[in-house]
Amino acid sequence: MKRIRKAVLPVAGLGTRFLPATKAVPKEMLTVVDRPVVQHVVDEAREAGIEHFIFVTGRGKAVIEDHFDISYELERTLQERGKTEAYEGLKKDLPAAGQTSFTRQQEPLGLGHAVWCAREIVGDEPFAVILPDMLSRGSMVQMLKAYDQHGGNIIAVEEVAPDQTHQYGIVSVGQEFGDTFEITGMVEKPPKGTAPSNYIISGRYILQPEIFSILERGERGAGGEIQLTDGMKRLSETQKFYGMHYRGKTYDTGSKLGFLVANLAYGLERPELRDALKQEIEALLAKG
């Protein structure tokens with residue numbers, strides 16, 4: 001069973017829900033406290049042992065590549081001014097040389113198409129897919145443990161209220177194994193009242209490379225796009241899929257509310273911010 005070394009991060013989306021903020025700034029570069037969303041996601045994956053990050057980008061996303069590169073002028077200035085802590089922090093955040101790759105998704109044809117665009121860099125080995133909108137600390141560690149247990153293909157899932165299932169990809173639940181279970185079916189954004197469960201696909205995947213030959217067919221699904229969920233359904237005809245109950249809180253920074261809540265949650269975890277931030281929140285609530 002091959003080890004999971006590579007992760008694909010689809011970052012080509014336009015971020016229209018955050019206009020005008022994302023007119024010139026990629027949504028992945030919006031900050032949660034003092035770190036871009038995409039940096040939080042990379043941090044999570046590095047802690048889990050992921051070694052190579054493959055960013056599927058689009059026009060206007062070059063700043064993401066710059067963010068994960070050395071900034072000679074900035075680093076020199078920090079050193080000259082004696083700002084050692086800031087300098088060391090920048091160096092620590094950078095993946096090592098050769099651990100990042102960037103490829104283009106020229107057309108917005110869906111998540112499945114974005115993953116397919118990474119096929120030449122991934123090669124013939126299993127890999128992770130991490131949606132950078134979704135902040136789920138510790139999720140990749142749990143995913144890799146589930147992969148060590150079952151092999152095959154792993155999908156992170158979370159529960160939502162039944163009246164929200166039409167907004168997500170949903171899985172059907174088979175035999176259970178504690179925090180994991182066999183997936184017996186998948187559907188992308190089912191009509192209200194038709195979902196097979198209330199377990200949503202929450203933005204973390206481990207997939208076998210055979211998914212690429214399925215996505216290459218270019219079959220369109222919901223929204224007229226090449227859906228990753230549809231590709232996984234096809235792959236599930238010949239390979240096992242397992243769901244992993246993510247034991248934590250996911251913040252959907254692709255929505256305004258989720259982005260604001262993530263900033264509050266991450267801010268409250270910072271010792272130097274916690275007390276003052278609590279006071280500000282209480283003062284705002286008191287004003288009603």
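Within strand β11 (residues 199-207), Tyr205 is the bridge partner of Ile155, and β11 pairs with strand β8 in the antiparallel sense over 5 bridges; strands here are DSSP runs of E of at least two residues and helices are runs of H or I of at least four, both numbered from the N terminus, and two strands are taken to pair if DSSP finds at least two bridges between them. The model is a predicted one, in which local features need pLDDT of at least 70 and side-chain atom pairs count only at pLDDT 80 or more, whereas totals for chains, interfaces and linings use all residues. Residues are numbered from 1 along each chain as its sequence is written, and side-chain values use heavy atoms, with hydrogens and water left out.

Ile155 also has a bridge partner in β12, namely Gly243, and strands β8 and β12 (residues 241-245) run parallel, joined by 5 bridges. Of the 7 residues of β8 (residues 153-159), 6 are buried, so that this strand is largely enclosed by the rest of the structure; buried denotes under 20% relative accessible area, exposed over 50%, and partly exposed the range in between, for a 1.4 Å probe and protein chains only.

Two charged residues (the charged class being Asp, Glu, Lys and Arg; Ala, Val, Leu, Ile, Met, Phe, Trp, Tyr, Cys and Pro count as nonpolar, and the others, Gly among them, as polar) were examined individually. Lys233 belongs to helix α9 (residues 228-235) and, with a relative accessibility of 35%, counts as partly exposed; its C-alpha lies 9.9 Å from that of Ile214, a residue 19 positions away in sequence. Glu107 is placed in the loop between β5 (100-104) and α5 (111-116), where a relative accessibility of 48% makes Glu107 partly exposed, and the C-alpha atoms of Glu107 and Thr31, 76 residues apart in sequence, are separated by 26 Å.

The second largest pocket has a volume of about 450 Å³, and α1 (37-48) and α4 (84-93) are the elements that give two or more residues to its lining. A pocket is an open set of points on a 1 Å grid over the protein atoms alone, where a 1.4 Å probe fits, with protein on both sides within 12 Å along at least five of seven lines, and lining residues have an atom within 4 Å of a point; grid points are joined across faces, edges and corners, and the volume is the space filled by probe spheres set on them. The lining comprises 16 residues, of which Arg35, His40, Asp43, Glu47 and Asp93 lie nearest the centre of the pocket. Helix α1 supplies the largest share, 5 residues, and the lining divides into 11 charged, 3 nonpolar and 2 polar residues.
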